[in-house]
Amino acid sequence: MNIKLLAIGKTDNKALQTLIDDYAKRLSFYIKFDLEVIPDIKNVKNLSESQQKEKEGELILSKITPTDQLILLDENGKTFSSVAFSEDLQKKMNSGVKTLVFVIGGPYGFSDTVYAKAKGKISLSLMTFSHQMVRLFFIEQLYRGFTILKNEPYHHQ
């Protein structure tokens, strides 16, 4: 299985980007992982919230194939413990999913079209985090999930 993380907008904080790169590199020992950044929409000041979501949605959907399984990182999604998340990853691998695509949307969330294509939603917390921090937290949780599956000493119960 391959895992792709799509995110709207670049990370401009160098310290965060260094940590993101570190965990992405660690993750690559377990699975083929790709972080793809979709550039911010230009002239958003001239767009309504729904227009911005639609434009971002078109860009997101252009990055996936019909066989990809799309999971949205969404505040209204399902919450997992780290162990339960690792078990969910294992189920997806066992089911034959070729590419699992997780998406961090823009500031207003996702368009209805993206929600309709999604096979699930995950919430990292009831709290709100910056989109840049979510990248780091999510990639770290992916890494943690694989260390749990391999019984490696990274995660402590």
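Analyst: A residue counts as buried under 20% relative accessible area, as exposed over 50% and as partly exposed in between (1.4 Å probe, protein chains only). This is a predicted model, in which local features need pLDDT of at least 70 and side-chain atom pairs count only at pLDDT 80 or more, while totals for chains, interfaces and linings use all residues. Residues are numbered from 1 along each chain as its sequence is written, and side-chain values use heavy atoms, with hydrogens and water left out.

User: Why is β3 described as largely enclosed by the rest of the structure?

Analyst: Seven of the ten residues of β3 are buried, so the strand is largely enclosed. The strand itself is a DSSP run of E, at least two residues; helices are runs of H or I, at least four residues, and both are numbered from the N terminus.

User: How do you know which strands are partners of β3 and β1?

Analyst: Two strands pair if DSSP finds at least two bridges between them. β3 and β4 have five bridges, in the parallel sense, and I71 stands opposite F102 in β4. β1 (residues 2–8) and β2 are joined by seven bridges and also run parallel, with I8 opposite I38 in β2. The order of the open five-stranded sheet is β2-β1-β4-β3-β5.

User: What makes β2 and β5 edge strands?

Analyst: β2 (32–38) and β5 (120–122) each have a single partner strand, so one side of each is left without a neighbour in the sheet. Neighbouring strands here are turned by 30° against each other on average, direction ignored.

User: Which helices lie on the sheet, and what are their angles to the strands?

Analyst: Contact is heavy atoms within 4.5 Å. Helix α3 (residues 82–94) lies across β1, β3 (69–78), β4 (99–104) and β5, at about 135° to β4. Helix α5 (residues 131–149) touches β1, β2, β3 and β4, and its direction makes about 170° with that of β1. Such angles run from 0 to 180 degrees between N-to-C directions, with axes fitted to C-alpha atoms, for helices over the stretch in contact.

User: Why are α3 and α5 called roughly perpendicular?

Analyst: They pack at about 75°, with axes 8 Å apart. Angles of 65 to 115 degrees count as roughly perpendicular, under 35 as roughly parallel, over 145 as roughly antiparallel and the rest as oblique; α3 and α5 are therefore roughly perpendicular. The contact includes F85 and L89 of α3 and L142 and F146 of α5.

User: Is L142 buried or exposed, and what does it touch?

Analyst: L142 has 0% relative accessibility, so L142 counts as buried. Leaving aside neighbours within four places in sequence, L142 contacts I3, L27, F33, F85, L89 and F102.

User: What about N151, buried or exposed?

Analyst: The relative accessibility of N151 is 71%, so N151 counts as exposed. N151 lies in the segment after α5 and has a positive phi of about 55° although it is not a glycine.

User: How do you know that the buried residues of α2 line one face?

Analyst: Q52, E56, G57 and I60 are the ones buried in α2. Seen down the helix axis, the buried residues fall within an arc of 135°, so they line one face; the arc is that of the directions from the axis to the C-beta atoms. Among the elements covering them are β1, β2, β4 and α4 (112–117).
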